Amino acid sequence: QVQLVESGGGLVQAGGSLRLSCTVSGVPFRGNNMGWFRQAPGKEREFVAAIDWSGTRVYYRDSVKGRCTISRDNAKNTGYLQMNSLKPEDTAVYYCAARRTYITTMETARVKEGYDYWGQGTQVTVSS
């Protein structure tokens, strides 16, 4: 059974930081590419960042570039999203996702239908 379990969400003041983690089990972690998405109330789920299986290729939505860093530790079957300088508009449920197919372009990375497995989400709330 494939499981993606996110952790690290919470309530933080604007300007603060959080590190989200996503631990994967049930599939070979090294063979999967990973992404982070978020969904705010009343809005569609949107792409945040993605990383390929090797950690070589990373992609970010424009609004988080320079503030977020996606990474992975294949030895721990865990992916991370470090978020700094958080803003109230970052408030959302954050989901990690994994996909077997390669991520080679931003256009590939951002399509949520391209991901095979999803976590349950972790709430991030940024107060002003």
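## Worked exercises: a loop, a strand and a fold

Val64 sits in the loop between β6 (58-60) and β7, where strands (DSSP E, at least two residues) and helices (H or I, at least four residues) are numbered from the N terminus. The model is predicted, so local features need pLDDT of at least 70 and side-chain atom pairs count only at pLDDT 80 or more, while totals for chains, interfaces and linings use all residues. Residues are numbered from 1 along each chain as its sequence is written, and side-chain values use heavy atoms, with hydrogens and water left out.

**Exercise 1.** Work out whether Val64 is buried or exposed, and which residues Val64 is in contact with.

*Solution.* 
- Step 1: take the cut-offs, with buried under 20% relative accessible area, exposed over 50% and partly exposed in between (1.4 Å probe, protein chains only).
- Step 2: Val64 has 1% relative accessibility, so this residue is buried.
- Step 3: leaving out neighbours within four places in sequence, Val64 contacts Arg38 and Val48, a contact being heavy atoms within 4.5 Å.
- Step 4: for a distance check, Val64 and Val124 are 60 residues apart in sequence, and their C-alpha atoms are 14 Å apart in space.

**Exercise 2.** Find which strands β4 is joined to, and by how many bridges.

*Solution.* 
- Step 1: recall that two strands pair if DSSP finds at least two bridges between them.
- Step 2: β4 runs antiparallel to strand β9 (residues 92-99), with seven bridges joining them; here Gln39 has Val93 as its bridge partner.
- Step 3: β4 is also antiparallel to strand β5 (residues 46-51), through five bridges, and Phe37 stands opposite Phe47.
- Step 4: look at the turn: β4 and β5 make a hairpin with six residues between them, and Gly42 in that turn has a positive phi of about 80°.
- Step 5: six of the seven residues of β4 (residues 33-39) are buried, so the strand is largely enclosed by the rest of the structure.

**Exercise 3.** Check whether the radius of gyration of the protein agrees with that of a compact globule, then describe the fold as a whole.

*Solution.* 
- Step 1: the radius is taken over C-alpha atoms, and the globule rule is 2.2 Å times the number of residues to the power 0.38.
- Step 2: for 128 residues a compact globule would come out near 14 Å; the protein has 13 Å, so the two agree.
- Step 3: the C-alpha trace spans about 40 × 25 × 25 Å along its principal axes.
- Step 4: of the 128 residues, 43% are buried. Among contacts with a separation of 6 or more, 60% link residues 24 or more positions apart.
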